[in-house]
Amino acid sequence: MAKRVEASNVTAYYGGFKAIENINLTVEPKTVTALIGPSGCGKSTFLRSINRMHEVLPGARVEGNLTIDDQDIYDRDVDVTAVRRMIGMVFQRPNPFPTMSIFENVVAGLKLNGVRRKSILEEAAEKALRSANLWDEVKDRLGKPGAGLSGGQQQRLCIARTIAVEPQVVLMDEPCSALDPISTLAIEDLMFQLKDKFTIIIVTHNMQQAARVSDRTAFFSIEKTGDPGRLIEYDNTQKIFSNPSVKKTEDYITGRFG
Amino acid sequence: MGETPHRSADAGTGGTRVTQSHEWPAGASARVAEAPVSTRSPGGVGLGGGGALPRSRKFGAERAFHGLTLAAGTAVLVIIAAIAIFLIAKAVPALRANTENFWSYEGWSPNETEPKFGIGTLAFGTVLSAALALLMAVPVALGIALYLSHYAPRRLGTALGFLVDLLAAVPSVVFGLWGRDIFVNPVRDFSVWLNEYFGWIPIFGGDGPFGKSIMLGALVLAIMVLPIITSLSREVFLQTPTANEEAALALGATRWEMLRTAVLPYGRPGIIAAVMLGLGRALGETIALAMTLGITFGISFNLIQNGGNTIAANIANAFGEANETGRGALIASGLVLFTITLIVNITARAIIYRRREFTESAA
């Protein structure tokens, strides 16, 4: 269920602008990897290249090699929708489908995969909602709109929607930045449970969060505005936060960035 | 902009802000607009300075604006009521003079000494031609709108969108002339072909003549309502939150699946509104149908034989030589058209309202 993500020399562009350059990084299965760094350093861009969401924007493209368990996801013959089914994504702002009920939201991905049988959908929905620690809160109102939940619940609903299709890798793009501390804690707990089954890669601005949830941490940075983002250091989280080997990383995590 | 200097003044004197919010309870914009006045008010430059609290004003911009909007709102009601009273007053005598059943009689001779007229055929033709027009226009319009909003390159989309809007600017009499003199020929040929091969289906049956039929009228109508529905639904589709589109794509949706999961449901109330506006135009369209329909009185589902008539087209055709009773009869038919439109609109509202729980949270 969980797979290794390997990036070699990944470079991504927005039209003529080079956002990240030569990223080399291997993410082991069933771990949580945090991507940290200042705004505009390309960590979200890198995250979005992993499930080929980067190329959705007009003019955006990716060069280099990205493999999931040795399978090249940028191969010409690979179906992009299959890549995205294998690599789920949770976004910065909770984005449940506003016109759908809680239940419909959770099974949206399964329906896209052609699952129609009600019993299977119900079973999968309960399983996903339980995994997302949301079942007890919503089991009596599955028919109500998903957008009627609180922000934290909505984000857990989005996580349930993502894991309902049983992806190999789950990408999270600042999943807690729009949430209050209690909801954030709930999501962090959830990540801890989820890494039993999934490979998780999370972008976060919150360094305590990175230190709390991740096994490995990658620090991205840019020289100056307009330069492409680069991977500065990638190591065990404990090492990065206690004894980083690059001066720049140390400056950033101790707040002396500038 | 008026806020900042006040704040700094307040800082020195203290307490003034309370006074001000009493004086202008209506919100920031009003306060900004009136801010300079207060410095000239009695009590002098020291805004918090010692004097009595300024009295609330009897006549200010706030009051005046309130009155103005109230008057405008009331005027609408008065005008509508006046029109309704006028129409009913004109229609009732004609309806009294009618010697046949207004609902079921198939014909329109209100100018005779024994007036005979019935609304049934006209109402039927109106609803049939409008429904057919929508049946043809809506799928095409939604297709164009989706293409313009989600498939076409941005520049091409804008240019094509502009062209579609231009189509809406063509006067309906031009569509009528074009339909009557040019478009009628291919439609006639097509009708003959339909009649030959599909004549066993009643709607394509008959012995002719063909051409100036409900089909021609509905096709011209379809072209006329196309731009309204297209440009409105395109606007709605463009408003779909990117977050929702990306959510669908990230779940592994193809472009079309993304449109079905995120864009179309989100735009549903907007699509309904757009279709209703199109239907409103189709129901009320006058001159184009007066020119393209065969103008007969009879209820028939046959789409290709010369014939058909609508309430609005009949008013245009018959008003010129109508006498007192004739005009009253036409006005009565106008009231029926108004009622049909009203029912359509209420239905649309009801459809939107039924799902409001979902659409409201979408906004």
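Visitor: In this predicted model, how far does helix H6 of chain A reach from its first C-alpha to its last?

Guide: H6 of chain A covers residues 151-164, which is 14 residues. At 1.5 Å a residue, the expected reach is 20 Å. The helix in the predicted model comes close to that expectation, with a reach of 20 Å.

Visitor: Why is H6(A) described as largely enclosed by the rest of the structure?

Guide: A residue is buried when 20 or more other C-beta atoms lie within 10 Å of its own. H6(A) is largely enclosed because the buried residues among its 14 number 13.

Visitor: Which residue just after H6(A) takes a positive phi?

Guide: The phi in question is about 50 degrees. The residue that takes this positive value just after H6(A) is Glu166(A).

Visitor: How many charged residues are on the side of domain 2 of chain B that touches domain 3 of chain B?

Guide: Domain 2 spans 61-97 and domain 3 spans 116-362, and their centres are 30 Å apart over C-alpha atoms. Seven residues of domain 2 of chain B contact eight of domain 3 of chain B. On the domain 2 side, six are nonpolar, none is polar, and the number charged is one.

Definitions and conventions:
Residues numbered from 1 in each chain as written. Chains lettered and ligands numbered in written order. Predicted model: local features only at pLDDT ≥ 70, side-chain atom pairs only at ≥ 80, totals over all residues. Domains from an automatic or database assignment. Contact = placed C-beta atoms within 7 Å. Nonpolar A, V, L, I, M, F, W, Y, C, P; charged D, E, K, R; others polar. Helix = DSSP H or I, 4+ residues; strand = E, 2+ residues; numbered from the N terminus. Expected span 1.5 Å × (residues − 1). Buried ≥ 20, exposed ≤ 12 C-beta atoms within 10 Å, placed from the backbone.
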